[in-house]
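Here is a short report on one protein model. Please look over the sequence and the structure first, then read on.

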Amino acid sequence: MTCYLNGEFLPLEDAKIPVLDRGFLFGDGVYEVIPVYDREPLRLEGHWARLARSLGELRIDNPHTDAEWTALFRELVARQSFGDQSVYLQVTRGVAKRDHAFPKDVRPTVFMMSNPLSTPTATQVEQGVSAVTATDNRWYRCDVKSTALLANVLLRQIAVDHGAAETVLLRNGFLTEGSASNVFAVKDGTILTPAKSHLLLPGVTSDLIVDLAAGAHLPLQFCDVPETLLRSADELWLTSASREVLAITTLDGRPVGNGVPGPIFRRMHGLFQAAKRRPLNAAAA
Ligand code: PDD
């Protein structure tokens, strides 16, 4: 499998970084996961915009323009033997003697790899998945897509330990997001999701969901979702680059709504499936 590291395309097993890379020592870097369907990315511009924002928030110089990123990305995608891909991209502050303070004159490390995109199974789509809740104990900059993911890793493992697909996070009694996904609720026909803030990652997939809802005239509101509303929702969904949009049908062992994917989910899932195979239209939506 061919990957990209600091200006070079090379086999993944030959890609090496120095142990003094600040990504290794401090988790001092950012990343993106970009879904690719039949070699066409979904909402690439949204990923470049979020990458630029994450880098800016960490005061790491963006090593490339969007056009340069796109060229590298397209080359990586072209070099794979499979069409549906999940491209992982990481930029760290670079390699320097260990010191918490920013090093001077350091060049960011740039790494990209591609794996086959594994989307939800037909059973997951038809039956939904289970989730558990946990207290959101992450830092206050969850809007930055940082590689420092220890809290997310521990939170996701709670789901795995319960045989569930995702951990839904509550901070001070309000929904934030999932350990690696955004979360939507449906109540009395209206789609509800928390507004963007420092407490959650602005998902590229969730932006698409919001646009698809607007295009289909499905009522959607950005609002606080208290725990009581989360637990009495008619439908719950999670969204991410790899999970697309999936219904959560069991929360903490109790059925969500009727315990099966609801009608608004089925509508949205159909809209998403149509959009993902025509990414140019999806980008313009
Ligand atoms: N995670 N919130 C968190 C905490 C995430 O980690 C992710 C995605 C999302 C959804 O963002 P998007 O729709 O742009 O994928 C929300 C990726 C897939 C990951 O860490 O692998």
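Predicted model: local features only at pLDDT ≥ 70, side-chain atom pairs only at ≥ 80, totals over all residues.

## Strand β5 and its neighbours

Strand β3 (residues 29-37) and β5 pair in the antiparallel sense, with eight bridges between them. Two strands count as paired if DSSP finds at least two bridges between them. Helices (H or I, at least four residues) and strands (E, at least two) are DSSP runs, numbered from the N terminus.

Residues are numbered from 1 along each chain as its sequence is written, and side-chain values use heavy atoms, with hydrogens and water left out.

β5 also pairs with strand β6 (residues 109-116), again antiparallel and over eight bridges. Here Q90 stands opposite F111 in β6.

How many of the eight residues of strand β5 are buried? Eight of the eight are, so strand β5 (residues 85-92) is largely enclosed by the rest of the structure. Buried means under 20% relative accessible area, exposed means over 50%, and partly exposed lies in between (1.4 Å probe, protein chains only). In a regular strand the side chains alternate between the two faces of the sheet. In β5, Q85, V87, L89 and V91 point one way. S86, Y88, Q90 and T92 point the other way.

## Aromatic pairs

The structure holds six aromatic pairs. Rings of Phe, Tyr and Trp (its six-membered ring) pair if their centres lie within 6.5 Å; planes under 30 degrees apart count as stacked, over 60 as edge-to-face and the rest as tilted. Y31 and Y88 form a stacked pair, 5.6 Å centre to centre with 25° between the planes. This pair links distant parts of the chain: Y31 sits in strand β3 and Y88 in strand β5, 57 residues apart. Y31 is buried, at 13% relative accessible area.

W48 and F73 pair edge-to-face, with 6.0 Å between centres and 90° between planes. W48 lies in helix α2 and F73 in helix α3 (residues 66-78), so the pair ties together parts that are 25 residues apart in sequence. Both W48 and F73 are buried. Ring pairs link W48, W69 and F73 into a cluster.

## The ligand

Which residues come nearest to the ligand? Of the 19 residues around the ligand, they are Y31, R50, E177, T205 and A241. A residue counts as near if one of its heavy atoms lies within 4 Å.

Polar contacts come next. Such a contact is a pair of N or O atoms within 3.5 Å; within protein, one must be able to donate a hydrogen and the other to accept it, and residues adjacent in sequence count only if both atoms are side-chain atoms.

| Residue | Protein atom | Ligand atom | Distance |
|---|---|---|---|
| K145 | side-chain N or O | nitrogen | 3.3 Å |
| E177 | polar side-chain atom | nitrogen | 2.6 Å |
| V204 | backbone N or O | oxygen | 2.9 Å |

Taken alone, the ligand exposes 480 Å², and the protein buries 88% of that. Accessible areas come from the Shrake-Rupley method with a 1.4 Å probe; for residues, only the protein chains shown count as cover.

## Salt bridges

A search of the whole structure finds 18 salt bridges. A salt bridge is a side-chain nitrogen of Lys or Arg within 4 Å of a carboxyl oxygen of Asp or Glu.

D211 bridges to R43, with the closest N and O atoms 2.9 Å apart. The pair links distant parts of the chain, 168 residues apart: D211 is in helix α6 (residues 204-215), and R43 is in the loop between β4 (40-41) and α2 (44-57). D211 is partly exposed at 27% relative accessible area, whereas R43 is buried at 12%.

R141 forms a salt bridge with D143, also with 2.9 Å between the closest N and O atoms. R141 is partly exposed at 22%; D143 is buried at 2%. R53, E57, R141 and D143 are linked in a network of salt bridges.

E244 and K276 meet in a salt bridge at 2.9 Å, N to O. E244 lies in strand β14 (residues 244-251) and K276 in helix α8 (residues 263-276), so the pair ties together parts that are 32 residues apart in sequence. E244 is buried at 3% relative accessibility, and K276 is buried at 7%.
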